[in-house]
Amino acid sequence: SNPDLLGVPSHHARVLARMALRLEDADVLQQPVTLYRQSASGRSGPVFAARSRWVEALGAGDPGEAEAAASILDQAGYRAEALDALADSALLAARSGVPSRALERAQALAADIGIGPTLAGQLPETRWLEHTGEREAIS
């Protein structure tokens, strides 16, 4: 996340949407998606459009749209946000069983921009993907 965006309601809504995605609570996820729509309304430009596309993809569970938004963000120079969108796309794809290169792209981008490893492990962190697989194995 960009520190310059802290305090911006649309930024916080996007972060909340990403958290709700990881909790796998579709009802809770719709609240920050709606908040994002409200707080970002009236903004224009390709970066805002890509961010909106990303958040809408989270709400819709659409890994392809999240990955497409990541590509736009990366091309616009918003590489850390592109990394986040790719990580979200990988999570959505894994949960839905859709083949995707998003995780591979996220790992390559993380290496390219020098992110990770951290105390949480290699970034983008994959524990959400592993958690989903473990839960499916338990079910």
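View 1. Of the 139 residues of the protein, 35% count as buried. The model is predicted. Its secondary structure comes to 7 helices and 0 strands. Read along the sequence, the pattern is α-α-α-α-α-α-α. Among contacts with a separation of 6 or more, 55% join residues 24 or more positions apart.

**View 2. Helix 2 from end to end.** Helix 2 covers residues 26-40, 15 residues in total. From first C-alpha to last, helix 2 reaches 21 Å, close to the 21 Å expected at 1.5 Å a residue. At its start, a side-chain oxygen of D25 comes to within 3.2 Å of the backbone nitrogen of D27. After helix 2 comes G42, whose phi is positive, near 90 degrees.

View 3. The buried residues here are L29, P32, V33, Y36, S39 and A40. Seen down the axis of helix 2, these buried residues fall within an arc of 130 degrees, so they line one face of the helix. An α-helix has 3.6 residues a turn, so residues three or four places apart point the same way. Cover for the buried residues of helix 2 includes helix 1 (9-23) and helix 3 (46-60). The face turned away from the buried side carries exposed D27, Q31 and Q38.

View 4. T34 is found in helix 2. T34 and V55 are 21 residues apart in sequence. In space, their C-alpha atoms are 9.5 Å apart.

View 5. D88 lies in helix 5, residues 79-96. Its relative accessible area is 0%, so D88 is buried. Leaving aside neighbours within four places in sequence, D88 is in contact with R18, L21, R22, W54 and L58. Of these contacts, R18, L21 and R22 fall within the residue range of helix 1 (9-23). W54 and L58 fall within that of helix 3 (46-60). Helix 1 and helix 3 are also among the elements covering the buried residues of helix 2.

**View 6. A charge over a ring.** R51 lies over the face of F48. The distance from the ring centre is 5.4 Å. Aromatic pairs come to a count of 0.

Methods
Residues numbered from 1 in each chain as written. Predicted model: local features only at pLDDT ≥ 70, side-chain atom pairs only at ≥ 80, totals over all residues. Heavy atoms only, no water. Helix = DSSP H or I, 4+ residues; strand = E, 2+ residues; numbered from the N terminus. Expected span 1.5 Å × (residues − 1). Buried < 20%, exposed > 50% of the residue type's maximum accessible area, 1.4 Å probe, protein only. Arc of directions from axis to C-beta. Contact = heavy atoms within 4.5 Å. Polar contact = N/O pair within 3.5 Å; in protein donor to acceptor, adjacent residues only side chain to side chain. Phe/Tyr/Trp six-rings, centres within 6.5 Å; stacked < 30°, edge-to-face > 60°. Lys NZ or Arg CZ within 6 Å of the ring centre and 35° of its normal.
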